[in-house]
Amino acid sequence: MARRSHVQTTINGETVEFLCEPRQSLLEVLRDELHLTGAKEGCNNGNCGACSVILDGRLVNSCLVLGVETEGKSVETIEGLAEPDKLHPIQDAFLENAALQCGICTPGFIMSAKALLDQNPNPTEHEVRYWLAGNLCRCTGYDKIVRAVLDAAAAK
Amino acid sequence: MLENKEYKVIGTRPIRHDGVDKVTGRALYGADFQAAGLLHGRVLRSPHAHARIISIDTSRAEALPGVKGVVTAKDLPDPGDKIADLGEGAVNLKYLCDNILASDKALYKGHAVAAVAATNPHIAEEACTLIDVEYEVLPPVLEVRQAMEPDAPLLHDHIRTTSLGETADEPSNVASHIQHKLGDPEKGFAEADVIIEREFVTGTVHQGYIEPHNATAHYNQDGQLTIWCSTQGAFTVREQVAEILQYPISKIKVVPMEIGGGFGGKISVYIKPVAALLAKKTGKPVKVLMNRADVFEGTGPTPASFIRVKMGATNEGKITAAEAYLAFEAGAYPGSPVGPGAMCIFAPYNIENVIIDGYDVVVNKPKTAPYRAPGAPNAAFGSETVVDEIAEKLGIDPLEIRLLNAAKAGDRRADGPVHPRIGCIETVEAAKAHPHYTAPNGKKHHGRGVASGYWFNIGLESSVTINVNADGTINLIEGSTDIGGTRASIAMQAAEVLGISAESVNPSVVDTESVGYTAVTGGSRTTYATGYAAYEAAQDVKRQMIARAAKLWEVDEANVQFADGEFSSINGKEEQISFRDLCGRLGETGGPIVGSGTVNPGGAGGAYATHVVDVAVDEETGKVDILRYTAVQDAGKAIHPSYVEGQIQGGAVQGIGWALNEEYIYNAEGEMTNASFLDYRMPTCLDLPMIDAVIVEVPNPGHPYGVRGVGEVPIVPPMAAIANAIYDAIGVRMTELPMSPDRLLKAMGKI
């Protein structure tokens with residue numbers, strides 16, 4: 001077995017230490033080492049966006065980042081989005097709009113939408129569609145997802 | 001007929017019960033399952049599309065540190081000649097077993113041949129590369145017409161065509177030939193003023209669920225096998241695993257985790273029996289996951305097909321005869337959905353004279369699996385394009401010709417059944433009246449197309465248990481995997497009966513030891529049949545509660561009535577108690593109340609859809625853009641309209657992908673060359689406009705609230721609707737799917 005490296009990073013505002021093999025992706029570390037299974041593996045090659053997280057303020061596919069690369073960085077995952085007593089407005093908007101069916105792509109879409117609204121609080125429909133094009137959903141046809149993100153922007 | 005009456009809960013849009021878990025990442029899907037001492041399994045797959053397996057040597061893999069067990073087909077019990085009955089028709093058990101782990105032949109690239117359990121997934125993957133398999137490579141057969149040729153290489157030596165009850169002498173790749181006939185087709189064509197006959201080809205496409213297949217299995221020392229997995233039906237997994245492993249169902253518990261999409265593709269088992277074999281061999285829990293390429297290459301796509309459709313009509317637009325030839329690729333083993341395709345192809349019309357021939361043909365591709373209205377989209381691409389061409393020849397509006405010939409209650413489908421109350425006409429009328437259809441459409445290279453579609457829907461068995469809580473809420477226990485909001489749509493039906501809010505119901509999807517038998521989430525049956533079982537269970541609760549109220553008031557049960565969430569006595573005493581308050585008094589009136597409902601309803605009621613689409617064709621690149629899309633559908637009664645719209649929108653968009661871009665691209669060796677989401681290229685949100693979902697409600701007499709299944713029919717019309725729109729835009733009839741830029745440029749004579 002490959003030698004494991006010690007990594008210290010920040011996940012959802014908390015300092016986290018873990019050991020991982022150099023070949024393990026951030027997605028694997030989150031899921032298998034830290035049991036944060038909200039990020040999903042749909043393709044493991046950056047095509048579906050189900051594993052989307054925010055790394056130092058930038059949206060990434062966590063399957064394309066190595067665990068060891070997060071040393072000294074800050075990671076935001078779906079698990080850190082809601083407050084103890086209330087959901088994030090994007091989460092509320094997804095529920096209100098019925099913007100999920102099976103839900104496997106939902107954490108990725110919500111993280112992706114958060115990254116969009118963090119930098120563009122009032123996107124047009126086209127901007128939403130352009131930004132979310134890296135996230136695949138097979139159930140909804142995207143209609144209600146796009147509406148949810150527009151609603152979340154309007155609610156802010 | 002049911003009135004379209006007012007309800008309190010049904011027809012509203014509550015937040016789904018599993019919603020918070022799913023927007024916070026807390027919902028646990030199959031791959032999220034963890035256990036102490038968990039091993040990780042990976043499957044070695046055939047690199048050849050068609051090859052005899054000479055030998056498999058696993059010794060080098062077994063010697064790799066971290067490897068705990070390796071299995072091959074030799075670890076499966078000998079299936080013999082057994083025919084397995086899995087509730088949906090007889091299946092040759094050897095086919096089922098061989099598709100799990102190939103014994104004598106690999107029949108498609110991606111066919112599983114061995115599997116490894118190791119302490120981590122990377123070691124398991126590495127070990128797979130150390131398994132030495134000797135193959136004798138054989139020529140592959142990759143296309144249905146080629147496979148039907150008398151001199152085509154044979155996949156199976158023993159398959160002989162069964163044709164209308166007769167079995168042929170010579171082996172063939174054609175497993176079966178079915179035929180439906182109504183009236184006198186020859187006479188019908190003789191009466192026609194215009195006859196159109198066209199040939200169509202459709203590609204192999206995948207369900208494309210975002211979550212890959214997964215399974216974790218564990219054997220206890222007492223022989224109890226537990227499987228945690230994503231599946232469309234825990235009981236179906238139990239049945240299939242029991243057959244394949246020849247193990248009693250009472251020793252198998254299947255725990256359904258949340259499921260990340262299925263669309264029919266997560267009914268068949270692939271790695272679940274493999275995980276069980278590895279768990280047995282290692283004595284540890286083993287989690288087997290597929291990667292995306294495994295999913296494309298090793299799990300059921302829906303078939304490519306060759307279709308010929310001939311239809312005749314009078315100058316007035318009356319369709320007098322229809323003929324169809326459907327040849328479907330089954331994949332490596334018999335069992336394509338040519339049957340449902342033949343049932344659906346002309347079902348939007350009342351045609352007196354029909355003949356339909358269907359062929360189920362094996363080819364060196366993955367064994368096909370159901371995909372949303374399996375078979376119907378292929379068939380409708382042909383028939384709905386021909387109807388459009390007839391309308392054009394006769395100068396009749398394409399929706400008008402559909403109205404002139406629309407199927408209605410009492411008409412007979414070509415395969416036999418007589419339609420009950422259906423909403424075919426209503427969907428066409430709603431499409432015709434929609435502002436989309438009446439909006440101008442005149443720009444150059446812009447076109448508008450329409451098409452209709454049918455899916456028969458199914459009933460099957462469902463069970464629901466309701467436990468009444470002291471605070472006036474209920475816990476609703478069900479066995480139907482929730483793929484798209486069915487916890488809500490089922491809970492709402494129980495809530496309606498009991499006069500409580502949707503939020504007062506706590507629905508749970510439980511394992512095979514915790515609820516009565518429940519068939520798959522498939523066939524658009526879940527809100528219909530499991531909802532029906534919930535209705536029955538709630539009626540059972542209501543009856544028991546009435547008895548308690550009667551006891552409390554010392555009156556006859558016949559003198560207690562229940563309305564608007566209140567029990568009251570009639571005839572005499574003026575007593576009243578709310579459902580909630582009575583729930584708090586169960587202890588003193590006899591103890592807890594548990595209601596149950598089981599159904600196997602026959603009145604699923606068919607679903608119809610009519611779609612309208614506007615496209616723009618780029619004449620230089622051949623790319624087609626969807627400008628506007630309206631999907632009208634009869635839902636019978638929409639329990640939760642948001643999730644009905646969601647089914648319509650999602651189905652339409654899968655159809656758009658199938659129409660314009662999706663296909664398995666094979667090289668001459670039979671290797672799929674685009675087995676990734678990047679290269680298979682399903683629609684993204686940037687490819688699409690909003691999808692206007694229009695719900696029509698023609699109540700289904702076969703359900704207490706008039707529900708019809710809604711999940712499948714929306715994928716039936718899009719291909720033909722888009723082909724008809726492309727014709728309207730550029731004057732070229734597309735007869736091959738997908739209508740990708742290269743095919744458009746070819747059809748326009750530009751390349």
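The model is predicted, so local features need pLDDT of at least 70, side-chain atom pairs count only at pLDDT 80 or more, and totals for chains, interfaces and linings use all residues. Residues are numbered from 1 along each chain as its sequence is written, while chains are lettered from A and ligands numbered from 1 in the order in which they are written.

**Confidence**

- Chain B has a mean pLDDT of 96, and 99% of its residues reach 70 or more; pLDDT is the predictor's confidence in each residue, from 0 to 100.
- For the complex, the predictor gives an ipTM of 0.99 and a pTM of 0.98.

**Where chain A meets chain B**

- The contact draws 44 residues from chain B and 45 residues from chain A, with two residues counted as in contact if their C-beta atoms, placed from the backbone, lie within 7 Å.
- On the chain B side, the elements giving two or more residues are α1 (19-23), α18 (641-660) and α19 (677-680) of chain B. Helices here (H or I, at least four residues) and strands (E, at least two) are DSSP runs, numbered from the N terminus.
- The top contributor on that side is α18(B), with 7 residues.
- By type, the side of chain B that touches chain A splits into 21 nonpolar, 18 polar and 5 charged residues. For this count, Ala, Val, Leu, Ile, Met, Phe, Trp, Tyr, Cys and Pro are nonpolar, Asp, Glu, Lys and Arg are charged, and the others, Gly among them, are polar.

**Domains of chain A**

- Chain A has domain 1 (5-80) and domain 2 (89-155); domain bounds come from an automatic or database domain assignment.
- The centres of domain 1 of chain A and domain 2 of chain A sit 21 Å apart, taken over C-alpha atoms.
- Between them, 13 residues of domain 1 of chain A are in contact with 12 residues of domain 2 of chain A.
- Strand β3 (residues 52-55) of chain A gives the most to the domain 1 side of that contact, with 3 residues.
- That domain 1 side holds 8 nonpolar, 4 polar and 1 charged residues.

**Helix α1 of chain A**

- Helix α1 (residues 26-33) of chain A is largely enclosed by the rest of the structure, because 6 of its 8 residues are buried. A residue is buried if 20 or more other C-beta atoms lie within 10 Å of its own, exposed if 12 or fewer, and partly exposed in between, with C-beta atoms placed from the backbone.
- The buried ones in α1(A) are Leu26(A), Leu27(A), Glu28(A), Val29(A), Leu30(A) and Arg31(A), and they pack against β2 (14-20) of chain A.
- Just past α1(A), His35(A) takes a positive phi of about 55 degrees.

**Domains of chain B**

- Chain B comes in three pieces: domain 1 (19-26 + 459-514 + 525-599), domain 2 (33-138 + 211-260 + 266-298) and domain 3 (301-415 + 434-450 + 605-747).
- Domain 1 of chain B and domain 2 of chain B have their centres 40 Å apart, taken over C-alpha atoms.
- Their contact takes 7 residues from domain 1 of chain B and 11 residues from domain 2 of chain B.
- On the domain 1 side, those residues are 2 nonpolar, 3 polar and 2 charged.

**A four-stranded sheet in chain B**

- An open sheet of 4 strands runs in the order β22-β30-β31-β32 (chain B), with mixed pairing; two strands pair if DSSP finds at least two bridges between them.
- β22 (446-455) and β32 (691-696) of chain B are the edge strands, each with a single partner, so one side of each lacks a neighbour in the sheet.
- From one strand to the next, the twist averages 15 degrees. Axes are lines fitted to C-alpha atoms, for helices over the stretch in contact, and angles run from 0 to 180 degrees between N-to-C directions.
- Strand β31 (residues 624-634) of chain B pairs with β32(B) in the parallel sense over 6 bridges, and Ala631(B) has Ala693(B) in β32(B) as its bridge partner.
- Helix α20 (residues 718-730) of chain B packs on this sheet, touching β22, β30 (607-617) and β31 of chain B, and its direction makes about 160 degrees with that of β22(B).

**Other spots in chain B**

- Strand β15 (residues 225-229) of chain B pairs with β16(B) in the parallel sense over 5 bridges, and Cys229(B) stands opposite Pro256(B) in β16(B).
- Strand β16 (residues 252-256) of chain B is mostly covered, with 4 of its 5 residues buried.
- Ala84(B) lies in strand β4 (residues 83-85) of chain B and is partly exposed, with 19 other C-beta atoms within 10 Å.
- Leaving out residues up to four places away in sequence, Ala84(B) touches Val91(B), Leu93(B), Leu96(B) and Glu243(B).
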